[in-house]
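Colleague: I have a few questions about this model. Shall we go through them one by one?

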Amino acid sequence: MPASARRRRHAVLAGLVSLATAAVVSLSASAPAAAADTWTETGSDRADPLTESQGLTSIEVPAGSPNRYTGIGTVPVDVSARGWNHVGDPDASYGGFYIEPYQRDSGNSKMFRVRTPGGTWTEYVHTLSPGEALNNSWVAVSPDGQWMLSGEWGTMSRLLVFPTPGVNPSTSPSANLPQAATVRLDHAVRDVQGCDFSAPTTLLCSSDDPEGSLFGLTKPLLQIDLSAAPSGAADVVGHVTALRRLPLRSSCSGGFEAEGIDYDRRSGILRVIVVSPGFCVLTDSKTYRFARG
């Protein structure tokens, strides 16, 4: 999200925590590249507003690893002190490399913080390309592990493709992490907060779109079918389909915020974080679970 909105959200969270302590649609003109899945809600868990409010991912290696979450409370003090004060929706390669996307309020770069399966952390910095937005809301690692997708806030018709830091042999923490290619979308998307691969050429994405003018519904779950698996050698086309509206349920009324997303290939479970409005950000923000069918 943009820095101004993020500061407002952080201020609201801090105030509310103090109080608590004291007391299937597609409007694309082209034919779909693949059949769209149907996702049915199967349950939910409370999402902690400080540590589970931005993103989540499942970890396959080492075996038995717990799911990881991000929120304003998970940003390390030393990282925040250097200006990287916002963490987005993370992802992990099937080989266990865990990646968190970071942004700061100004400047011309983004940062990706990588944890190896052995527990070592390394930082990779990307200098913005001409016209690239500063925000760094999410990452999605391709199933082969070699390529990482990212997106930009606002209304966009593209996703960005990078070599996966720490996995792709072309990357180095001492060198700029370059943009390698682009996913050119056949339908604009708005305020995408997270994406994850459910297949080599299929992405599932959570959109925080508050307007509903693009697909006829707000806060949609999107499916993006790629014309080819990302390779970094050439751009690919992404066909966008809106599958459903994400659940918006709370004891409070007001604006919800759709956040990160995770698909676990081992269980087939899709999970999406939705943050509740007002005081209920503390009490009934949820991580919703979905299954195909």
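Colleague: What volume does the second largest cavity have?

Modeller: About 40 Å³. Keep in mind that this is a predicted model.

Colleague: What makes it a cavity?

Modeller: A 1.4 Å probe fits there but cannot get out, so the space counts as a cavity.

Colleague: Which residues line the second largest cavity?

Modeller: Among them are Trp-138, Gly-151, Glu-152, Met-156 and Arg-158. Strand E11 (155-163) and strand E12 (181-190) each supply at least two lining residues. E11 gives the most, with three.

Colleague: What is the volume of the largest cavity?

Modeller: About 120 Å³. Of its 14 lining residues, those closest to the centre include Ser-58, Asp-91 and Tyr-263. E17 gives the most to this lining, with three residues.

Colleague: Why is Ser-253 called exposed?

Modeller: Its relative accessible area is 71%. Exposed means over 50%, so Ser-253 qualifies. Ser-253 sits in the loop between strand E16 (236-245) and strand E17 (257-264).

Colleague: How do you know where to be careful with the model?

Modeller: Look at residues 16-33, where pLDDT stays under 50. Where pLDDT is low, the predicted coordinates should not be read in detail. For the chain, the mean pLDDT is 91, and 88% of the residues reach 70 or more.

Notes
Residues numbered from 1 in each chain as written. Predicted model: local features only at pLDDT ≥ 70, side-chain atom pairs only at ≥ 80, totals over all residues. Heavy atoms only, no water. pLDDT = per-residue confidence, 0-100. Contact = heavy atoms within 4.5 Å. Helix = DSSP H or I, 4+ residues; strand = E, 2+ residues; numbered from the N terminus. Buried < 20%, exposed > 50% of the residue type's maximum accessible area, 1.4 Å probe, protein only. 1 Å grid on protein atoms, 1.4 Å probe; cavity = no way out; pocket = protein on both sides within 12 Å on 5 of 7 lines; lining within 4 Å. Points joined across faces, edges and corners; volume = space filled by probe spheres on them.
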